[in-house]
Amino acid sequence: MGNCKAAPVGEFSGDHEHPDVYRDEYGFTKLMDCAVKGDIENANALMKRGADPRLLNGRGANILHILCRNYMWPGHSYNEFVRTMLKCQVDVDAQDPPNGY
């Protein structure tokens, strides 16, 4: 991922399982959960451990779709998060899936 990596921090730094293994009932990865929360620090830690920001959730949404639907929550780093995802070559032309993310 090149520029998509940063030093591990936060609650996921001690977890030894590959970060893309876990999926919730909606197909969200741990990295997608960070996008919902605007948690760029843990997102960077997950990407350093190999999390792929280009994955899709169970409905076919990518992380940019998720960020766009959650950008208005105050106190979160969505602008920085989006810039980081763009550096990671997340598909900006992906269609928003029907029925949301």
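At the start of helix H3, a side-chain oxygen of Asn62 comes to within 2.9 Å of the backbone nitrogen of Leu64. The model is a predicted one, in which local features need pLDDT of at least 70 and side-chain atom pairs count only at pLDDT 80 or more, while totals for chains, interfaces and linings use all residues. Residues are numbered from 1 along each chain as its sequence is written, and side-chain values use heavy atoms, with hydrogens and water left out.

**Chain overview**
- The secondary structure comes to 4 helices and 0 strands, where helices (H or I, at least four residues) and strands (E, at least two) are DSSP runs numbered from the N terminus.
- Of the 101 residues in the chain, 41% are buried, meaning under 20% relative accessible area with a 1.4 Å probe and protein chains only.

**Helix H3**
- Helix H3, residues 63–70, is mostly covered, with 6 of its 8 residues buried, namely Ile63, Leu64, His65, Ile66, Leu67 and Asn70.
- The cover over these buried residues includes helix H1 (30–37) and H4.

**Packing of H2 and H4**
- Helix H2 (residues 40–48) packs with helix H4 (residues 78–87) at an angle of about 20°, their axes being 10 Å apart; axes are lines fitted to C-alpha atoms, for helices over the stretch in contact, and angles run from 0 to 180 degrees between N-to-C directions.
- H2 and H4 are therefore roughly parallel to each other, a term for angles under 35 degrees.
- The contact (heavy atoms within 4.5 Å) is made by Ile40, Ala43, Asn44 and Met47 of H2 together with Glu80, Phe81, Thr84 and Met85 of H4.

How values were computed: Angles under 35 degrees count as roughly parallel, over 145 as roughly antiparallel, 65 to 115 as roughly perpendicular and the rest as oblique. Buried means under 20% relative accessible area, exposed over 50%, partly exposed in between (1.4 Å probe, protein chains only). A polar contact is a pair of N or O atoms within 3.5 Å; within protein, one must be able to donate a hydrogen and the other to accept it, and residues adjacent in sequence count only if both atoms are side-chain atoms.
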